[in-house]
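The exercises below are to be worked through with the sequence and the structure at hand. Each task is followed by a solution in steps.

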Amino acid sequence: MQASVPPMAAALPLIIFVLAAAWSTTAAAVVASRLRADRLRTRRRGVRRLDPTLPPERLLAPARDRRARKKWGRIEALRRLASSDSLPEGAREALADALADPDDDVRLAAASALAARADQLAAGLLVASLADRRDGRTRIAAELETFAVRIVGQLLHGLLDDERSDVRFWGLQLIGRSRAILSPDRIEQLIADESPDVRAALAEALPNVAAHPAGPLLRLLEDDVWFVRVHAARALGEARVTPGAAAVGELLRDRSWWVRDAAEKALVELGDAGVRQAIRLLDDADPFARDSAAEVLQESGHLDRCVAAAIAGDEAAAALIERARQAGAGRLIDATFARRQQLVRLPAIDEEARELVTL
Amino acid sequence: MSVAAELRWAVYVCFGYLLLVYGSYFALAAVSFVEGVFRARQSDADDMRSAVQSRFTIPVSVLFAVYNEALPIVESVRSVLANDYPEFEVIVVNDGSTDGTLDVLTEAFQLQPREIFYRRQFDAQPIRGIYRSAADPRLIVVDKANGGKADALNCALNFARYRYVLGIDADTVLARNALMAGMRLVLRDPATVIGVTSILAIAEQPELRMREPRGQRRIDRRPLLAFQQLDYARSFLTARLGWSRFNFMLCSVGAFAIWRRDVLEEVGGFSTTFTCEDIELTFRIHERYRRLGKPYRILSLAETVGATEGPTSVRSLIRQRERWQRVIMETVYAHRAMLGRPRYGTVGMVGVPFYVLSEIAAPFVELLSFLVLTVAAATGLIDFRLFLLTVAAIALLNGLLTNIALLVDDYTNRLYRLRDLVRLCLLGPLDLVLYRPIIVAARARGVVGYLRGDQGWNKFERNVRAPA
């Protein structure tokens, strides 16, 4: 054995020396890296500090530098350039190029930098980017969301005429957030849009962009596509369109769980009108509708009020509780009583009352 | 063949294995270093201020599976609820705890009984009660019969309403920006990024550690916890970052794992037939997406998204690591069809073989190396000086890997005090003699447990909390 190892034995001290040197160097690098970071607290990592007094014209060259190894410096230059009060000639092109860059990091950094400007130029470039690039749209939209309507409104309306449905979709999403009113003709045109994504986005936007959202929303409640119905139901609730409660109530029987869930939450939002529909549906033949109706009564606080009233001797309230129990919502009634127990901390009295009500 | 000749061959096997393993470790560490530096710079360049406020930011359901976690659960849930993220919900499933976990939650978050009709997409044990917090309506607590962590997570999935879910452990305390840090790359490309995990710090009491400001955070004084911190750092920052770059990131840890919900539906949720659920799920998703040729990314990040509790006694550590070894063996065996198959790309050709080399073979070869080298040195078959030099070389290799991990960690996070970083650097080479033997013993027990078909959780006892 020993005869076979001398070369290795001879090399080992050298190997150890090299390893010890490498270990010491990397340990020193850890310490040096931290000390340097503490000293340059505000500097971005990997970016050569740009002279703060550098005029915007001098930022154009690094902002246009497409070499991969200069990427972080380019981002820093773009940020500085976009924050300049007066943009030098060629800056618009440099920022537009960055927004069209195949590299996500460059593109998103340019978007954030432009959003910080929040002016017409920035809005124009960002809206164009939203239309032309499929990837990263969520982030671009989040930046555009921060713009004032007077700056971005007109540009967004232009997106609705685009032949690409995904562009119309994003236009509507942002118009809904900006609360820029759409004309009845435009709404009519969008209700008939061939893309369900666009129709769903319209439903979501309507409470904010229509002077009278009830009519269009009620029509969208009957859409063939389930997620359009989901958005229409949610929007009806959000807009408190109480005359639509009956139509929303019908959706508690929908074949899609998501639609039933949205309808249930909308009925809660609709207050008394929603509660009336839920009470009506407690005896429905559809077990899902019965469950959802009972949950509406719970989430709206109606059941809690009924329990309190029943304990106080209200027979109508007791009868409703019994109806809900008959509808299969026994656990839900139990939960309501348990909540009341927690509230008044008089378990014995409540237990007694509960028996009375159940009888 | 004589005993000496057999020993000689054994020594060659051990050296060969060491060369192969450390060669692959350093290759991965180099890739991880590049990836870590890139991600840190990317994070700097990425201005998320609009996304933190935006309704376009994809909402997340945060899922807890909790069994007898009365001690850490409240701080953990509070840390999630305090996150700066536009829209999320928190679903805590109490998996039949017997230590008053539900009472603690009820008291802390003013839970009120509710009945919520949910989609039963995943099988789970019966539910005993559903509660919503009166203090924060984003929090739902589901009390169910005990069925194990995977069963509880499946139950939580039934209640999850959002497109992405984040599974975290009851002893994990998140940083305020953890959700945004985890979702940052998802928001860029939600069609492709289906899973994200990230590194966590180790502490005796994570909630106390997380209160310390960035740059001033301490490493626990107990060496056992410091060694675990190094173990995590090496695992995430010199291995998983590299796996992530080549898209064979094979273990999204249960302490912080983001998944796209439809992917979990597609693969049938968490499996209850394995000792742990996290690594197996990651393997299963890779297997399906590679087989079907779907584009996807599962990423591991270098940002410390929180802290999690580490065992403070050797006994507890052995129990934890023994379980990890069992589940690795169960998982690799269950998905052995991917091994060396070009159809599975980097997962089959690099990821699974690496697991076999560094995780399955490791307990046997580490034990064999220890025995063979000790016997060879004791009997004079190899020079005792050579033996010591070999040990020193391995210790320095570990120290070097540790330093690379610390470089990436500090470059990315700037969390710890300088003096604690120095302490960690100094502990790196000592890992071989002070910490590694414990892990080797735990792994050996894990192998025995696997062969015996043991599937117990063997949870370590939570550390007692000092008064706040």
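**Exercise 1: Two domains of chain A**

In this predicted model, the centres of domain 1 of chain A and domain 2 of chain A are 30 Å apart, taken over C-alpha atoms. State which residues each domain covers, and describe the side of domain 1 of chain A that touches domain 2 of chain A.

*Solution.*

Step 1. The domain assignment of chain A places residues 181-299 in domain 1 and residues 301-359 in domain 2.

Step 2. The contact involves 11 residues of domain 1 of chain A and 10 residues of domain 2 of chain A.

Step 3. On the side of domain 1 that touches domain 2, the elements giving two or more residues are α16 (272-281) and α17 (287-299) of chain A. The largest share, 7 residues, belongs to α17(A).

Step 4. Sorted by class, the residues of this side of domain 1 of chain A are 6 nonpolar, 1 polar and 4 charged.

**Exercise 2: The overall form of chain B**

Describe the secondary structure of chain B and explain why chain B counts as being as compact as a globular protein of its length.

*Solution.*

Step 1. Chain B contains 16 helices and 12 strands.

Step 2. Its radius of gyration is 22 Å, while the globule rule gives 23 Å for 468 residues; the two values are close, so chain B is as compact as a globular protein of that length.

Step 3. Along the principal axes, the C-alpha atoms of chain B fill a box of roughly 75 × 45 × 45 Å.

Step 4. A residue is buried if 20 or more other C-beta atoms lie within 10 Å of its own. By this criterion, 55% of the 468 residues of chain B are buried.

Step 5. Among the contacts in chain B with a separation of 6 or more, 81% are between residues 24 or more positions apart.

**Exercise 3: Strand pairing in chain B**

Which strands of chain B pair with β4(B) in the antiparallel sense? In what order do the 3 strands of the open sheet containing β12 of chain B lie?

*Solution.*

Step 1. Strands of a sheet pair through backbone hydrogen bonds, in either a parallel or an antiparallel manner.

Step 2. Strand β3 (residues 111-114) of chain B pairs with strand β4 (residues 127-133) of chain B over 4 bridges, in the antiparallel sense. Within this region, B:Gln112 has B:Arg132 of β4(B) as its bridge partner.

Step 3. β4(B) also pairs with strand β5 (residues 139-144) of chain B, again antiparallel, over 5 bridges. The partner of B:Ile127 in β5(B) is B:Lys144. With 5 residues between them, β4(B) and β5(B) form a hairpin.

Step 4. The open sheet has the order β7-β12-β9 (chain B), with mixed pairing. Its edge strands, β7 (172-174) and β9 (201-203) of chain B, each pair on one side only. On average, neighbouring strands of this sheet are turned by 25 degrees against each other, direction ignored.

Step 5. β7(B) and strand β12 (residues 306-309) of chain B run antiparallel and are joined by 3 bridges. B:Val173 has B:Ala307 as its bridge partner in β12(B).

**Exercise 4: The contact between the chains**

How many residues of chain B are in contact with chain A, and which element of chain B gives the most to this side?

*Solution.*

Step 1. The contact joins 49 residues of chain B to 52 residues of chain A.

Step 2. Elements of chain B that give two or more residues include α1 (3-45), β3 and α14 (418-427). α13(B) gives the most, with 15 residues.

Step 3. The side of chain B that touches chain A comprises 27 nonpolar, 8 polar and 14 charged residues.

Definitions and conventions
Residues numbered from 1 in each chain as written. Chains lettered and ligands numbered in written order. Predicted model: local features only at pLDDT ≥ 70, side-chain atom pairs only at ≥ 80, totals over all residues. Pairing = 2+ DSSP bridges. Rg over C-alpha atoms; globule rule 2.2 N^0.38 Å. Buried ≥ 20, exposed ≤ 12 C-beta atoms within 10 Å, placed from the backbone. Contact = placed C-beta atoms within 7 Å. Domains from an automatic or database assignment. Nonpolar A, V, L, I, M, F, W, Y, C, P; charged D, E, K, R; others polar. Axes fitted to C-alpha atoms, helices over the stretch in contact; angles between N-to-C directions.
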